Amino acid sequence: MGCCTGRCSLICLCALQLLSALERQIFDFLGFQWAPILGNFLHIIVVILGLFGTIQYRPRYIMVYTVWTALWVTWNVFIICFYLEVGGLSKDTDLMTFNISVHRSWWREHGPGCERRVLPPSAHGMMDDYTYVSVTGCVINFQYLEVIHSAVQILLSLVGFVYACYVISISMEEEDTCRNK
């Protein structure tokens with residue numbers, strides 16, 4: 001087989017998905033975003049499984065990857081709706097941290113061009129443990145960075161889904177021709 005096969009393309013695509021997921025995982029860890037951390041971890045495991053299935057000619061593993069990509073697209077659509085506040089969702093809730101902490105996206109305070117100023121807590125002493133952070137001058141708002149991350153994940157997953165279906169069909173055809181001989 002030549003190197004421009006669907007199989008080689010799926011291998012390259014899985015490698016891109018791994019790099020993209022690892023980058024996203026790092027920034028979610030920095031922001032203590034526990035729901036995305038868990039999702040990214042599962043995504044990394046399944047992409048590795050899909051990569052292994054593609055390299056080792058195991059169509060069942062690729063099928064697991066294919067089903068996961070559909071779920072991953074759904075999760076990322078939810079993330080986009082969450083950060084764009086569609087359908088009653090609010091980016092200011094603690095949903096992404098499982099209501100454990102008040103952390104938000106790392107990009108909220110550290111986005112490109114953002115100037116971060118730590119302000120002392122109010123005189124009332126309501127939140128003794130927390131300081132208020134003022135962020136100004138951002139080139140792009142944090143919610144749009146999160147949406148871009150999710151859109152990239154969706155794009156890679158959709159292309160991965162198509163290639164995985166193609167590789168599965170080719171593998172099944174090869175198995176059928178071997179059985180018929």
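This is a predicted model: local features need pLDDT of at least 70, side-chain atom pairs count only at pLDDT 80 or more; totals for chains, interfaces and linings use all residues.
Local features are reported only at pLDDT of at least 70 and side-chain atom pairs only at pLDDT 80 or more, while totals for chains, interfaces and linings use all residues. Residues are numbered from 1 along each chain as its sequence is written, and side-chain values use heavy atoms, with hydrogens and water left out.

Two packed helices are described by the angle between their axes and the distance between the axes. Helices here are DSSP runs (H or I, at least four residues), numbered from the N terminus. The axes of α1 (residues 6-30) and α3 (residues 59-83) come within 14 Å and cross at roughly 40 degrees. These axes are lines fitted to C-alpha atoms over the stretch in contact, and the angle, on a scale from 0 to 180 degrees, is taken between N-to-C directions. α1 is therefore oblique to α3; under 35 degrees would count as roughly parallel, over 145 as roughly antiparallel, 65 to 115 as roughly perpendicular, and the rest is oblique. The crossing of α1 and α3 is left-handed, which applies when the near helix is turned anticlockwise from the far one by less than a right angle.

On the α1 side, Leu-10, Cys-14, Gln-17 and Arg-24 make contact (heavy atoms within 4.5 Å) with Ile-62, Tyr-65, Trp-72, Asn-76 and Ile-79 of α3. Six of the residues in this contact are nonpolar, two are polar and one is charged. In this scheme Ala, Val, Leu, Ile, Met, Phe, Trp, Tyr, Cys and Pro are nonpolar, Asp, Glu, Lys and Arg are charged, and the others, Gly among them, are polar.

Cys-14 is buried, because its relative accessibility is 0%; the cut-offs are under 20% relative accessible area for buried, over 50% for exposed and in between for partly exposed (1.4 Å probe, protein chains only). Cys-81, at 23%, is partly exposed. The closest cysteine sulfur to that of Cys-14 is in Cys-12, 9.5 Å away and so too far for a bond. With a disulfide defined as a pair of cysteine sulfur atoms within 2.5 Å, the count is zero.

Apart from residues up to four places away in sequence, Ser-157 touches Gln-17, His-43, Thr-69, Trp-72 and Val-73.

The C-alpha atoms of Met-96 and Ile-79 are 9.3 Å apart, across 17 residues of sequence.

Key: Helices (H or I, at least four residues) and strands (E, at least two) are DSSP runs, numbered from the N terminus.
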